[in-house]
Protein chains: 2
Amino acid sequence: MRGATLQSIATAAGVHRSTAARALDPGQSHRISPEVVERVRAEAQRQGYRRDAIAASLRTGRSRLVGVVVPDLANPVFAPILDGIGAQLSSEGYSMLVADGGPDAAAQAAIVEELIARRVDGLVLATATRDDPVLTICLNAGVPTVLVNRREDELRASSIVTDDLAGMFLAVEHLIELGHHRIGHLAGPVDFSTGVLRRKGFEDAMRTAGLAADAVVVTTEYSRPAGRSATASLLDRWPDVTAIAASNDLLALGAIQELKVRGLSCPADLSIVGHNDMPLMDMVAPPLTTVQIGLAEMGEQAARHLLDHISGSSLKPAVLQVRPQFVLRDSTAMASK
Amino acid sequence: MRGATLQSIATAAGVHRSTAARALDPGQSHRISPEVVERVRAEAQRQGYRRDAIAASLRTGRSRLVGVVVPDLANPVFAPILDGIGAQLSSEGYSMLVADGGPDAAAQAAIVEELIARRVDGLVLATATRDDPVLTICLNAGVPTVLVNRREDELRASSIVTDDLAGMFLAVEHLIELGHHRIGHLAGPVDFSTGVLRRKGFEDAMRTAGLAADAVVVTTEYSRPAGRSATASLLDRWPDVTAIAASNDLLALGAIQELKVRGLSCPADLSIVGHNDMPLMDMVAPPLTTVQIGLAEMGEQAARHLLDHISGSSLKPAVLQVRPQFVLRDSTAMASK
DNA sequence: GATGTTTATGCGATCGATTGCACGTTGTCA
DNA sequence: TGACAACGTGCAATCGATCGCATAAACATC
C-alpha cells in the first residue's frame, strides 16, 4: 500500500492534484466546493493517503522538525526536559529530533550541522557553554535557536533557565538556618553558566550572612564520580565543614557516597543539599534536600519560545527564568555543634 | 549564507550539477577526474555547502531517519534505551525521531502515522503490547519495525528483549536462598509481555522450589503509585509474606514506600527485589537488589537489528534475548523466621 | 445586456538532489 | 585502420506537494 499520492487520489476523484491538495488542507478547503471536498476526502480515506511531509518540506522550506541536542542522553536529568519539549512541540504539529552531542564541542558541532542539513525549523541546545561555538554555527546558519537549562554570558539567543543565583541562595539559607556556618560548595564546571552562577549564589549568600565562602571545590563535569572526588578534596582541605551545598544532584550523590566510604553519615555528620531535583531524588538514601528547578517546565517553555521565534519574525533574545523552589527532604539536619 | 546549493557550486566550479553531485559523493567520486573533484570540493567548502537531506530524501525515498516511540519519556528507564539506540544510529549516519506516544494505543497510532508521513526508514517501538494494534499499522505501511523491551505473543516483528523468565527466576531463587518461602509477586500489566512472562517466571521458580505461587497482585501500569497500592493489597491479603519479587523497579520503589507508611522496614521486615536496574537504583534507600536487563544494550541491538532490516532485504522476524543479570544490593536479607 | 466581481478549479513552475542514459573523447587490440 | 571498450560529463526526468496565476463559469449591479 506504499504510494497513495496526491496525484493518485486526484485522478481517482477526477480533479487536478492542486484541487485535491486544497480539499485536504483544512485551511484551504473552504475555497473548494463541498461536494468535491467530500469526494477527495473519501478517496483519500479509501486509498489510505498520507501527505508526504518530505515533499511538502522541500517545497515550503519548513520541516516542522525541531532538533534537540543534549550532552548525555543517559543522564536522567534530561528526561523531564525532553518530555516538556516533546509535549509542547507535538501539540503544535512539530516533531523532535533528539541527538546526543556528547560533552565536547566538536562532536556537538557535527551533530548540529547534521540537524541543519535536515532542515530543522529550529534548535534547542541543552549543551550550551558560556561562550558556545555551537551556537555560533546555529546563528550563522540562520536557524532559530534557544538554550535550555544553561545560558551564555552574552545574549545571543534566548535562554530558558532557572534563577541559578536565587536557587543556590535558597539552599544556603536553609543550611544557615539549621545552624551551619562552615559550609562547603561543590561548584559546577566553570564553562557552564550553572557552574559560575550557582557558585556566585553560594558566595553571595554566605557573605550576606557574614560567613566565609572559601571552602569551594570546582568540578569539571556533573557526575557522581566528580562529586565523590571533589568531596574528598573538600573534606581533606577543610575538615571542619558541617554542610555542603552542591551545585547539582549528581554531585550531591557523589558526595554522599564519599561520606559513606569515610564512615560518615548524612545528615548526622554532614548535611548535603543538591540542585535540580532530578527524578528519583525523593527515593535516594537519604532522600535529597534539593532545589527544584522545574525541568519539565523549562522544556515546555523552551519549546513554546522556540515556536514563537520560528513563526513570529524576529523576537529579541531574552532570558526567561523559571523560579526555583526549595525542597526539604532528609539529607540536611541541624548543626550539632 | 542560507542557500549554497548543488547548482550554485556547480556553476562556480564550471561543471554540471550532476557532476558536482558525483564529485561530492565519496561512493561516486572515483568516476570523476581528480582535478574536477578537487575543484568542486574546494568550492563546496568555500560556500559552506551542506547537502539538503530533504531534497535527497524525496528523490531517493530514504530519509536516514528512524522513529522511536516510547510510552513515557519522563520515565528514567527509557533514557539508557534511547542512548543505546541513538549511539548506534548516529554511527551509521541515521538520526532519531523520538516521540512520546503516551499509554494508549490511539495516541500512539496517531504518532506513528505522523512518523510514517515523515518517511522514517524504520521504527523502534518501546510501547508494544502483546497484540499491538500500532504494530499492525507499521507493518501495513511496510515500514521496517522492531520492538524493544517488550514483545508480542505472535512473531510479527523482531524484538529485542531480556529473557524475562530467566530474569525473574534469578530474583526468586535469590529470595529462596535467603530462606524466604512465603513470597509475593507484584505482576506487571497483563497486556505487556514483561508482565506475563515475569509472572510466569515467578510461578515456575516457586513451583520448582515446591512453594505456593498464589500471592500475586496484578498491576495496570509500571509506576510507583501502582506499586504502592498493589503492595497494600498484597499485604492485606497475605500478611505472612516475607519477601516480594516485583516485576519492575518502580513497582518495587512503590512497595518500599508502602512498607514505610506501615512502619515496616526493608529489608529487615520484608525483602524486595526489583527488575530492570534503572539508573539510580544503586542510590535509593535501601539500594535495590534487582535484575539488570541491559537497557542500553537492548537499545543498541534494536538499532543495529533495525538497520539490518532496512538495508538487508527481508530478514525473518526473530526474538533476540539479552541475558539478564542479578544485582545484589541491600533491599533483601535473610528470612528471619 | 454590458461590465464587474466572486468562486471553483486547472495549469505548471518550483523546491534541490539523484541517476539512467547518451554523447564525445581517448585508448586498445586485432 | 576499424571496431569496440572505458572513461568523464552533460542532460533531463524524477520524487510529491505547494501555490501564484490564469481561466471559466456563475452571479451581481446598474
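Tutor: Start with one pair. The side chains of B:Asp282 and A:Arg224 meet in a salt bridge, 2.3 Å from N to O. This pair crosses between chains. B:Asp282 sits in the loop between strand E9 (271–273) and strand E10 (290–292) of chain B, while A:Arg224 belongs to helix H10 (residues 224–237) of chain A. A salt bridge here is a side-chain nitrogen of Lys or Arg within 4 Å of a carboxyl oxygen of Asp or Glu. Helices (H or I, at least four residues) and strands (E, at least two) are DSSP runs, numbered from the N terminus.

A word on the source. This is a predicted model: local features need pLDDT of at least 70, side-chain atom pairs count only at pLDDT 80 or more, and totals for chains, interfaces and linings use all residues. Residues are numbered from 1 along each chain as its sequence is written, chains are lettered from A and ligands numbered from 1 in the order in which they are written, and side-chain values use heavy atoms, without hydrogens and water.

Back to the pair. A:Arg224 counts as buried because its relative accessibility is 15%. B:Asp282 has 29%, so it counts as partly exposed. The cut-offs are under 20% relative accessible area for buried, over 50% for exposed, and partly exposed in between (1.4 Å probe, protein chains only).

Across the interface of chain A and chain B, the rule finds six salt bridges. Over all chains, the structure holds 32.

Next, the whole interface. In chain A, 45 residues are in contact (heavy atoms within 4.5 Å) with 46 residues of chain B. The two chains bury about 4200 Å² between them, 61% of it on carbon and sulfur atoms. A:Ile54, A:Arg118 and A:Met283 supply 17% of the area that chain A buries against chain B, more than any other three residues. Buried area is the accessible area (1.4 Å probe) that two parts lose on being put together, summed over both.

Strands meet here too. E2(A) and strand E2 (residues 95–100) of chain B pair in the antiparallel sense over three bridges. Two strands pair if DSSP finds at least two bridges between them. A:Met96 stands opposite B:Val98 in E2(B).
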